[in-house]
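Please go through this structure with me, one topic at a time. Keep the sequence and the model side by side.

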Amino acid sequence: MKTIKIIATLFVAFQLTANAQDKSNSNVQKTYAELSIKEGGKWVGQKYEGGTFKNVSSLKVPKSHWDHSFFIRYEGPGWESNKIAYRLYLDWRNCIDLFGKVADTMVLSKVGLDGFESYHHSSPWGMDILKAGKGLGVGAIARFSNNKMLHFEKVDSTFATIENTNKSSSVIVDYKGWQTANDKIDFQSILTIEPDNRYTKHTIKASKKIEGICTGIVKFKNIDLVVKKSANNKWAYFATYGQQSLVPDNLGMAIFYKVSDIKEQIEGEFDHLLIFKPTKKSISFYLLGAWEQEKNGIKTNEEFYNYLDQKLDELNKNGKI
């Protein structure tokens with residue numbers, strides 16, 4: 001009887017310890033989104049001089065803001081999981097860039113505090129790993145019309161909002177009066193990341209049916225594009241893998257999309273492009289980056305495409321990943 005009591009006591013102690021560990025693990029932050037702007041300085045033309053950074057939950061982008069205005073820390077909102085971090089250039093470029101992380105903790109609050117140049121170099125948290133140039137980066141939005149890429153040069157107003165919950169973190173951007181060619185529309189972009197995942201769910205919605213709304217992956221020389229559809233032909237991915245990071249070292253980028261949402265896949269000057277069918281309904285797709293230096297990262301071409309195939313199977317079965 002005494003032995004049984006001892007075993008029971010040890011079991012209760014084990015359960016209490018396990019429950020405490022589970023609770024502790026559940027409280028560890030695994031996603032984060034932020035938007036940080038300067039205050040206390042002044043605008044001089046399209047440059048913001050002086051001031052210090054302050055996080056805000058929402059922002060109406062000033063008319064003076066342009067690329068490299070030094071007003072928004074790392075040039076736009078950022079969002080991250082414990083795997084990887086992303087940022088959106090909140091200006092005419094509307095590009096999505098990648099921050100590779102060597103840590104599995106939240107790092108964005110430490111990035112760009114000392115200027116734009118620092119995060120282009122290796123640091124204890126990681127670094128900017130993608131040279132987007134004139135391209136879309138991975139999974140950003142533009143319009144392709146008359147063989148030209150039309151970005152967000154002409155917008156009446158842009159609003160950005162940050163949301164952080166226990167289950168996910170999101171960046172919501174509303175573009176009012178986006179003018180391209182002979183069309184003027186409102187457009188919404190919602191970017192959401194969840195714990196323990198590399199991918200971002202990107203949900204877009206246009207106020208008007210127009211041709212040429214597109215997304216894509218920036219192109220690099222000698223890096224092949226791979227396209228694969230699911231067994232039921234409902235989902236597909238297109239992806240690139242190889243030495244295409246700024247380090248340089250191995251980086252994979254991919255977009256998962258519903259086949260029925262896509263009008264065509266074409267090659268642009270700077271990007272591999274997916275052209276969406278005109279619609280006023282919401283469209284959701286997934287974008288991701290996978291860097292070999294991330295903790296327990298994907299390090300080979302074979303590993304990367306095995307990972308994508310697994311995610312494609314999940315979409316095939318469940319309609320989500």
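Where does Pro248 lie? Pro248 sits in the loop between β19 and β20 (250-258). The model is a predicted one.

## Backbone points to check

Pro248 is joined to Val247 by a cis peptide bond. Omega there is about 0°.

Two residues other than glycine have a positive phi. Tyr74 has phi near 45°. Tyr74 lies in the loop between β6 and β7. At 1% relative accessibility, Tyr74 is buried. For Ala181, which is not a glycine either, phi is about 55°. Ala181 belongs to the loop between β14 and β15 (183-193). Ala181 has 47% relative accessibility, so it counts as partly exposed. The cut-off for buried is under 20%, and exposed begins over 50%.

## Aromatic pairs

How many aromatic pairs are there? The count comes to 19. Take Trp66 and Trp92: their ring centres are 6.1 Å apart and their planes stand at 25°, so this pair is stacked. The cut-off for stacking is an angle under 30 degrees. Trp66 is in the loop between β6 (58-60) and β7 (78-81), and Trp92 is in the loop between β8 (85-88) and β9 (96-101), so the pair ties together parts 26 residues apart in sequence. Trp66 is partly exposed, at 29% relative accessibility. Trp92 is also partly exposed, at 23%.

Now take Tyr241 and Phe304. The ring centres of Tyr241 and Phe304 are 5.1 Å apart and the planes are at 25°, so this pair is stacked too. Tyr241 is in strand β19 (residues 235-243) and Phe304 is in helix α2 (residues 301-318). The pair thus links distant parts of the chain, 63 residues apart. Are Tyr241 and Phe304 buried or exposed? Tyr241 is buried at 8% relative accessibility. Phe304 is buried as well, with a relative accessible area of 0%. Both residues belong to one aromatic cluster, formed by Tyr237, Tyr241, Phe256, Phe304 and Tyr305.

## Charges over rings

Two arginines face tyrosine rings. Arg93 lies over the face of Tyr89, 4.0 Å from the ring centre. Arg198 places its charged end over the ring of Tyr307, at 4.8 Å from the centre of that ring.

Which residues of β7 are buried on each side? Gly78 and Glu80 are buried on one side, and Trp79 and Ser81 on the other. Both faces of β7 are therefore covered.

β7 pairs with strand β1 (residues 31-34) in the antiparallel sense, over 4 bridges. Within this pairing, Ala33 has Trp79 of β7 as its bridge partner. β7 also runs antiparallel to β8, joined to it by 3 bridges. Here Glu80 is partnered by Ala85 in β8. β7 and β8 make a hairpin, with 3 residues between them.

## Two buried strand residues

Val173 is in strand β14 (residues 169-180). Val173 is buried, at 0% relative accessibility. Val173 and Lys60 are 113 residues apart in sequence, yet their C-alpha atoms are 9.8 Å apart in space.

Leu98 is in strand β9. Leu98 is buried, with a relative accessible area of 0%. From Leu98 to Tyr86 the C-alpha separation is 4.7 Å. These two residues are 12 residues apart along the chain.

## The cavity

How many cavities of 30 Å³ or more does a search of the whole structure find? The search finds 1. The largest cavity holds about 90 Å³ of space.

Its lining has 14 residues. Ala206, Ile213, Lys277, Thr279 and Ile283 lie nearest the centre of the largest cavity. Which strand gives the most to this lining? Strand β16 (residues 200-206) does, with 3 residues. By type, the lining of the largest cavity divides into 8 nonpolar, 1 polar and 5 charged residues.

Notes:
Residues are numbered from 1 along each chain as its sequence is written. This is a predicted model: local features need pLDDT of at least 70, side-chain atom pairs count only at pLDDT 80 or more; totals for chains, interfaces and linings use all residues. Side-chain values use heavy atoms; hydrogens and water are left out. Rings of Phe, Tyr and Trp (its six-membered ring) pair if their centres lie within 6.5 Å; planes under 30 degrees apart count as stacked, over 60 as edge-to-face and the rest as tilted. Buried means under 20% relative accessible area, exposed over 50%, partly exposed in between (1.4 Å probe, protein chains only). A charge sits over a ring if NZ of Lys or CZ of Arg is within 6 Å of the ring centre and within 35 degrees of the ring normal. On a 1 Å grid over the protein atoms alone, a cavity is a set of points where a 1.4 Å probe fits but cannot get out, and a pocket is an open set with protein on both sides within 12 Å along at least five of seven lines; lining residues have an atom within 4 Å of a point. Grid points are joined across faces, edges and corners, and a volume is the space filled by probe spheres set on the points. Ala, Val, Leu, Ile, Met, Phe, Trp, Tyr, Cys and Pro count as nonpolar, Asp, Glu, Lys and Arg as charged, and the others, Gly among them, as polar. Two strands pair if DSSP finds at least two bridges between them.
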